[in-house]
Amino acid sequence: PGVREWPRQDGPRELAGAELTLAVSEDGWGEGALDVAVEAPRAWSPVTPWLHRVRLFVDGVETASRTFGFRDVRLDAEGLHLDGERVVLKGVLYQPHYPARGGMTPPDDDLAAEVEAILATGFNLVRAHVRPAAPAFLEACDRLGLLVLQEPAIGWVEDHEGLADRL
């Protein structure tokens with residue numbers, strides 16, 4: 001359990017670990033917070049999209065896992081800076097429409113191919129709006145090094161099953 005670098009050619013390397021004991025109420029809920037210090041993590045950037053994974057175990061069973069990137073973001077009069085390096089944003093609007101699939105989201109590999117095509121065209125930012133981007137699309141962006149500007153969806157999202165969960 002803890003924070004791991006991912007992916008690595010030689011397998012994951014644990015960077016930090018911690019434990020927390022929670023009191024659970026009769027209805028099965030518990031709440032707590034855990035601070036974990038990670039020494040010298042690799043930073044995520046469009047050039048080097050290093051991801052880390054945090055894993056949650058309950059009674060020795062993995063119950064949740066999330067990837068994330070460490071980065072320091074600063075915006076000033078000179079522009080956007082990621083980890084001290086100025087980044088010139090070259091963005092494209094992402095407003096997917098899949099009529100051949102009846103509007104259904106394509107398979108994960110197809111979404112990753114869309115990200116690869118966006119990067120191959122020279123963009124480093126995608127602006128997703130109107131509806132939340134599919135989780136697999138966002139994961140591919142993280143993994144492949146594409147910045148995302150996810151705008152809040154308009155109100156009708158709450159009326160459609162599954163879309164509100166993406167916010």
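1. Read along the sequence, the protein chain runs β-β-β-β-β-β-β-β-α-β-α-β. This amounts to two helices and ten strands, where helices (H or I, at least four residues) and strands (E, at least two) are DSSP runs numbered from the N terminus. The model is a predicted one, in which local features need pLDDT of at least 70 and side-chain atom pairs count only at pLDDT 80 or more, while totals for chains, interfaces and linings use all residues. Residues are numbered from 1 along each chain as its sequence is written, and side-chain values use heavy atoms, with hydrogens and water left out.

2. Of the 167 residues in the protein chain, 25% are buried. Buried means under 20% relative accessible area, exposed means over 50%, and partly exposed lies in between (1.4 Å probe, protein chains only). Leu111 is an example from helix H1; its relative accessibility is 1%, and it therefore counts as buried. The C-alpha atoms of Leu111 and Cys141 are 9.4 Å apart in space, although 30 residues separate the two in sequence.

3. The aromatic pairs deserve a separate point. A pair of aromatic rings is described by the distance of the centres and the angle of the planes. Rings of Phe, Tyr and Trp (its six-membered ring) pair if their centres lie within 6.5 Å; planes under 30 degrees apart count as stacked, over 60 as edge-to-face and the rest as tilted. By this rule there are two aromatic pairs. Phe68 and Phe70 make an edge-to-face pair, with 5.1 Å from centre to centre and 75° between the planes. Phe68 is partly exposed at 25% relative accessible area, and Phe70 is partly exposed at 27%. The pair of Tyr94 and Phe137 is stacked, because the ring centres are 4.0 Å apart and the planes stand at 5°. Tyr94 belongs to strand E8 (residues 91–94) and Phe137 to helix H2, so this pair ties together parts that are 43 residues apart in sequence. Are Tyr94 and Phe137 buried or exposed? Both are buried.

4. A salt bridge is a side-chain nitrogen of Lys or Arg within 4 Å of a carboxyl oxygen of Asp or Glu. The count by this rule is three salt bridges. Arg55 and Glu62 meet at 2.7 Å, N to O; Arg55 is partly exposed at 25% relative accessibility, and Glu62 is partly exposed at 35%. Asp76 and Arg74 meet at 2.4 Å, N to O. In the salt bridge of Arg127 with Glu151, the closest N and O atoms are 2.3 Å apart. Arg127 lies in strand E9 (residues 125–128) and Glu151 in the segment after strand E10 (147–150), so the pair ties together parts that are 24 residues apart in sequence.

5. Two surface patches should be noted. Patches consist of residues with over 30% relative accessible area and no salt bridge, with like charges joined within 9 Å and nonpolar side chains (Val, Leu, Ile, Met, Phe, Trp, Tyr) within 5 Å. Asp108, Asp109, Asp110 and Glu139 gather in a patch of negative charge. Lys and Arg count as positive and Asp and Glu as negative, while His and the chain ends are not counted; the place of a charge is taken as NZ of Lys, CZ of Arg, CG of Asp or CD of Glu. Helix H1 (residues 108–120) supplies the largest share of this patch, three residues, whereas Glu139 lies in helix H2 (residues 135–144). The nonpolar patch is formed by Leu20, Leu22, Val24, Leu34 and Val36, with about 410 Å² of accessible area together (Shrake-Rupley method, 1.4 Å probe; for residues, only the protein chains shown count as cover).
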